[in-house]
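Here is a short briefing on side-chain pairing and backbone geometry. Please look over the model before reading on.

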Amino acid sequence: MVAAFPIVKLGALAARQLSKRLAKRIQNQAKTSPALRTYLCLPIANLYHRLEVTFNMRALNLKKPQKIPKMSETAAIELGAELLGEFIIFGVAATTVTFEYKRQSRAKQQEAEETDTRWSNLVFRLMELELHIDKMNAQLRALERSLQAPPVKR
């Protein structure tokens with residue numbers, strides 16, 4: 001099999017690089033846009049902060065915290081924008097991996113089908129050859145019988 005230029009892998013690498021730049025742009029936009037800040041960054045950051053504090057307390061075998069201190073708005077916006085950027089990068093990477101997995105699965109399936117086709121063709125050809133040999137053996141037996149038979153007098 002001839003090794004082809006891995007254009008798909010090159011495309012995946014380009015997508016990852018572009019996703020990093022897109023994530024940075026969205027992070028900067030999230031810090032300046034009131035809508036993104038209010039409806040996306042702050043809720044994500046607050047949820048992450050609550051989960052982090054709760055998991056850390058449980059990891060230290062302490063009780064569940066009664067009241068979790070709130071983050072400052074600037075820290076929450078920064079954390080939310082950072083998490084949003086990471087989600088974008090992760091999403092692009094997961095999509096790329098899924099696409100590559102499906103592509104390789106299709107290639108393996110196609111190769112298996114080609115192998116099965118070749119194998120069936122060989123089996124069919126072998127059966128044809130066996131049939132041909134049987135016919136030739138029958139003809140050979142008929143010739144041997146005709147040679148062994150006494151000559152017919154005329």
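Is glutamate 100 buried or exposed? Glutamate 100 is buried, at 15% relative accessible area (buried is under 20%, exposed over 50%, partly exposed in between, with a 1.4 Å probe and protein chains only). The model is predicted, so local features need pLDDT of at least 70, side-chain atom pairs count only at pLDDT 80 or more, and totals for chains, interfaces and linings use all residues. Residues are numbered from 1 along each chain as its sequence is written, and side-chain values use heavy atoms, leaving out hydrogens and water.

**Salt bridges**

- The whole structure holds 2 salt bridges (a side-chain nitrogen of Lys or Arg within 4 Å of a carboxyl oxygen of Asp or Glu).
- Arginine 103 pairs with glutamate 100 at 2.7 Å, N to O.
- These two residues, arginine 103 and glutamate 100, sit 3 residues apart in helix H3 (residues 73–148), so about one helical turn separates them.
- Helices are DSSP runs of H or I, at least four residues, and strands are runs of E, at least two, numbered from the N terminus.
- Arginine 103 is partly exposed, at 26%.
- Arginine 125 and glutamate 128 form a salt bridge at 3.4 Å, N to O.
- Helix H3 also holds arginine 125 and glutamate 128, 3 residues apart, about one turn.
- Arginine 125 is partly exposed at 47%, and glutamate 128 is partly exposed at 35%.

**Loop backbone**

- Asparagine 61 has phi near 60°, a positive value in a residue other than glycine.
- The loop between helix H2 (34–59) and H3 contains asparagine 61.
- Asparagine 61 is exposed, at 72% relative accessibility.
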